[in-house]
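Biologist: Could you take me through one part of this fold in detail, then carry on from there to whatever else deserves a look?

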Amino acid sequence: MHEIVTLQLGQKSNYLATHFWNIQESYFTYSENEQSVVDHDVHFRPGIGADGHETYTPRTIIYDLKGGFGTLRKFNALYDIQDEPPHGLWDGSTATHREEAIRPSDYQRRLDMGLPTSQLRDSDVRYWSDFNRVYYNPKSIVQLQEYELNSQIMPFEKWEAGEDLFQSLDKEFDLLDRDIRPFAEECDQMQGFQVLTGADDAWGGFAAKYLDALRDEYGKTSTWVWGIEDCTRVVRQKQLQRACNTARSLRSIGQLASVYVRIAAPPSTLPGYVNLGSGSDWETTALLCAGFESATLPTRFRGSDGQKRGSLSLLEDTLNTSDNQNLFELQAKIGHATTEANGVSDGDSHGPNGRMRPEDTGPADWEPQPAQFDLEYLPRMRDPSVTGPGHIFAQVECERGRSEHDPFSLSLNPEDRLRRRLNEESVVEIYQTGLQFPLLETFPSRLIEADRQHENGLDISTALTCSSRMKDRILELRNATCRMMPLDERESLYSDLSQMAQNYSFGFESGTDTGEDD
């Protein structure tokens, strides 16, 4: 069944994941004559509710701080149980003190009552649970009582705090045995783990320790990590703390994960057709989800009717051209975004994704080449002039909204792939589907300016890219943070990031280092 188990670590990750689960829920079909191209069993699991009826809930474990879940209850309508009075030896009078419950949003209230709902606005969302449309198994909800959301007294910001919290919880409960094993053991043929986490706060330290435990228990299982970095403007001291946390996450998670993708929230440079507006977590993570959900869509394809399907391991094998590359960047482009917004025209010689058409070179000797994109999710360098476009080692693309698949090959055979790697040419794998990215009422309506005829979905192309540009990004982060690290950590961090950067050298760059030595 090729199942994927998801871990959601932290507030921003849960915003992103809520958009993701809403989209997965929208793919369900309820007619015998209609079948989705998406295999729902990859991310959803069957179960039995409190009333004995079958349930179908996300295969995920959600971690957040006290107060972070909003109105979401551990036991929902599918698993609701009546509170029973505690039984004990005390026979005297008792008093119950309950914290005032958070009032549900109007959107959630109408969902619960089965009433029609309407397009959400930014002012309607206080928590990620305010726009959630799916039910979760009670085992999926894990609230960490040790820290409170947005606490000024004890904020959950230092990377070491995340490490310490995981170690204390794991010592008391054995988190993998309590939280992961029930989901992993019910899988028939698990693809791997999909981890969404904050990377520039304490959640980075929590995730690093979690991955270390996962590697010990599931050493050969693919583990993809999507690290969210808060790129909003803050005071300099907090910005430096975020940078140091990011460097620690990159070093630790980069050594443990099968794939690590850094994503900026929000991206620093946006094409003209993207309107972030208030820049709230709801809006920002919706933009992230458009790229993240589309890039991983091949891992959920049913594979019927000649549809090429992928998997986590297949994608990472394509992207990792030297056996030591696991840091990739996410890119996207909206196919029918309003061209007047950004003044960009695809022209006659390129397809809607910026790729040269095969008729320009001849179908007989045409091979897939890397497409061009205008929305980059990788956190931007402070001085982008330091690096150019770089060399693309490999690129895995997903083109959505294609009513007909291209008649030419979208894959390289093993011999051609090896030849291109040896010749230092780009290895490209392309997946195509007619399934658009759905524009739900929980997705910001004005986030992306699209043609009016495409009101229900977007033709979006995305790519996961292994590029030599990653070397410059790693070295910039190393040089910006090493001097601020404690002495006992500075040398090892400098060395680890330097070695990591060398894995993305190309041509004459091999063996060179553009950083300052301490």
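Biologist: How many bridges join E1 to strand E6 (residues 192–198), and do the two run parallel or antiparallel?

Modeller: Six bridges join them, and E1 and E6 run parallel. Before going on, some ground rules: this is a predicted model, where local features need pLDDT of at least 70 and side-chain atom pairs count only at pLDDT 80 or more, while totals for chains, interfaces and linings use all residues. Residues are numbered from 1 along each chain as its sequence is written, and side-chain values use heavy atoms, with hydrogens and water left out.

Helices (H or I, at least four residues) and strands (E, at least two) are DSSP runs, numbered from the N terminus. Two strands pair if DSSP finds at least two bridges between them. E1 also pairs with strand E4 (residues 60–66), in the parallel sense and over four bridges.

E1 covers residues 4–9, and six of its six residues are buried (under 20% relative accessible area; exposed is over 50% and partly exposed is in between, with a 1.4 Å probe and protein chains only). Ile4, Thr6 and Gln8 point one way from the strand, Val5, Leu7 and Leu9 point the other way, and all are buried.

Now the aromatics. Rings of Phe, Tyr and Trp (its six-membered ring) pair if their centres lie within 6.5 Å; planes under 30 degrees apart are stacked, over 60 edge-to-face, and the rest tilted. Searching the whole structure turns up 21 aromatic pairs. One of them is Phe20 with Phe292, a tilted pair at 5.3 Å centre to centre and 45° between the planes. This pair links distant parts of the chain, with Phe20 in helix H1 (residues 11–26) and Phe292 in helix H7 (residues 281–295), 272 residues apart. Both Phe20 and Phe292 are buried.

Another pair is Phe156 with Trp203, edge-to-face at 5.1 Å centre to centre and 80° between the planes. Phe156 is in the loop between strand E5 (141–148) and helix H3 (159–173) and Trp203 is in helix H5 (residues 202–217), so this pair ties together parts that are 47 residues apart in sequence. Phe156 counts as buried at 8% relative accessibility, and Trp203 is buried at 4%. As for a cluster, Phe20, Trp21, Phe28, Phe44, Tyr56, Trp224, Trp226 and Phe292 form one.

A charge sits over a ring if NZ of Lys or CZ of Arg is within 6 Å of the ring centre and within 35 degrees of the ring normal. Arg178 lies over the face of Phe173, 4.8 Å from the ring centre, and the charged end of Lys308 sits over the ring of Tyr431, 4.5 Å from its centre.

Back to H3. In this helix, Trp159, Ala161, Gly162, Leu165, Phe166 and Leu169 are buried. They cover an arc of only 155° around the axis, so they sit on the same side of H3 (the arc is that of the directions from the helix axis to the C-beta atoms).

The peptide bond from Ala265 to Pro266 is cis, with omega near 0°, and Pro266 lies in the loop between strand E8 (259–265) and H7. Asp323 has a positive phi, near 70°, though not a glycine; it lies in the loop between helix H8 (312–319) and strand E9 (327–334) and counts as exposed at 70% relative accessibility. Glu424, also not a glycine, has a positive phi of about 55°. Glu424 is in the loop between helix H10 (414–422) and strand E12 (427–433) and is partly exposed, at 44%.
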